[in-house]
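Student: I have a new model open and want to learn how to read it. Can you take me through it feature by feature?

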Amino acid sequence: MELKKPSGNKVKDTIVLTGGVLAGGAASRGIFGLIHENKATEDAAAAKKQENTALIKRGAMSAAAGTAAVFIDGKDIAATLVKGLCIGITVVQGLEVVKTLASRAGVTPEVAATTKSQKVVAQIAGLGCPCNETKGLMYNAPSFSPRYVKTDIALENERVNNGIGLAGGEIWNSQDIWATPVSV
């Protein structure tokens with residue numbers, strides 16, 4: 001390996017290749033979303049089957065794109081861009097396969113890791129912070145609506161006597177609105 005001052009063409013080719021890798025990696029997620037539909041399921045066998053199907057599809061995408069990158073030959077911008085796209089698909093889908101297999105193999109996720117080496121291995125395997133995951137949001141979207149509780153009539157009457165609430169039969173109030181004030 002030798003480091004020397006790059007020529008204008010080398011810089012341009014590197015920028016095109018890097019752009020192709022980034023675009024290919026991003027596009028591969030979209031392509032995978034088109035060919036594989038995750039369905040929320042409580043059945044462990046069905047979830048395992050879905051995961052296996054996803055692994056096969058990701059592996060096939062990675063192998064096909066990697067093979068295509070090997071066969072692409074040319075010095076023009078289009079060839080460099082397409083080669084970058086194929087490399088990006090291969091890398092992103094390959095990393096997803098590694099992540100799934102590492103999880104199956106019992107690699108400790110970062111949040112459960114107790115040593116620095118476990119945390120490093122989790123990061124390398126793609127099992128880092130769950131806050132970086134979006135999969136859970138697809139199935140268990142957080143609810144930001146207020147929670148309502150049935151108000152006890154005696155408690156409601158006490159609020160009315162103190163000038164806080166309205167009297168009535170069964171009244172449903174938001175916990176956020178009717179939180180007990182802290183005394184000063």
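**Reading the fold**

Tutor: Start with contacts, meaning heavy atoms within 4.5 Å. Among contacts in the protein between residues at least 6 apart in sequence, 54% join residues at least 24 apart. This is a predicted model: local features need pLDDT of at least 70, side-chain atom pairs count only at pLDDT 80 or more, and totals for chains, interfaces and linings use all residues. Residues are numbered from 1 along each chain as its sequence is written, and side-chain values use heavy atoms, with hydrogens and water left out.

Student: How many helices and strands are there in the protein?

Tutor: Helices (H or I, at least four residues) and strands (E, at least two) are DSSP runs, numbered from the N terminus. Here there are 6 helices and 2 strands. Along the sequence the pattern is α-α-α-α-α-β-α-β.

Student: At what angle do helices α2 and α3 pack?

Tutor: Axes are lines fitted to C-alpha atoms, for helices over the stretch in contact, and angles run from 0 to 180 degrees between N-to-C directions. Helix α2 (residues 44–71) and helix α3 (residues 77–104) pack at about 150°, with axes 8 Å apart. That makes α2 roughly antiparallel to α3 (the term covers angles over 145 degrees).

Student: Which hand does the crossing of α2 and α3 have?

Tutor: A crossing is left-handed if the near helix is turned anticlockwise from the far one by less than a right angle. The crossing of α2 and α3 is left-handed.

Student: Which residues of α2 and α3 meet?

Tutor: On the α2 side they include Leu55, Met61 and Ala65. On the α3 side, Ile87, Val97 and Leu101 are among them. The contact divides into 10 nonpolar, 8 polar and 6 charged residues. Ala, Val, Leu, Ile, Met, Phe, Trp, Tyr, Cys and Pro count as nonpolar, Asp, Glu, Lys and Arg as charged, and the others, Gly among them, as polar.

Student: Is Gln50 buried or exposed?

Tutor: Buried means under 20% relative accessible area, exposed over 50%, partly exposed in between (1.4 Å probe, protein chains only). Gln50, in helix α2, is buried because its relative accessible area is 18%. Leaving out residues up to four places away in sequence, Gln50 touches His36, Glu37, Asn38, Lys39 and Thr41. Across the protein, buried residues make up 22% of the 184 residues.

Student: Where does Ala27 lie?

Tutor: Ala27 lies in helix α1 (residues 8–35). At 36% relative accessible area, Ala27 is partly exposed. Ala27 and Val92 are 65 residues apart in sequence and 9.7 Å apart in space, C-alpha to C-alpha.

Note on methods. Parallel < 35°, antiparallel > 145°, perpendicular 65-115°, else oblique.
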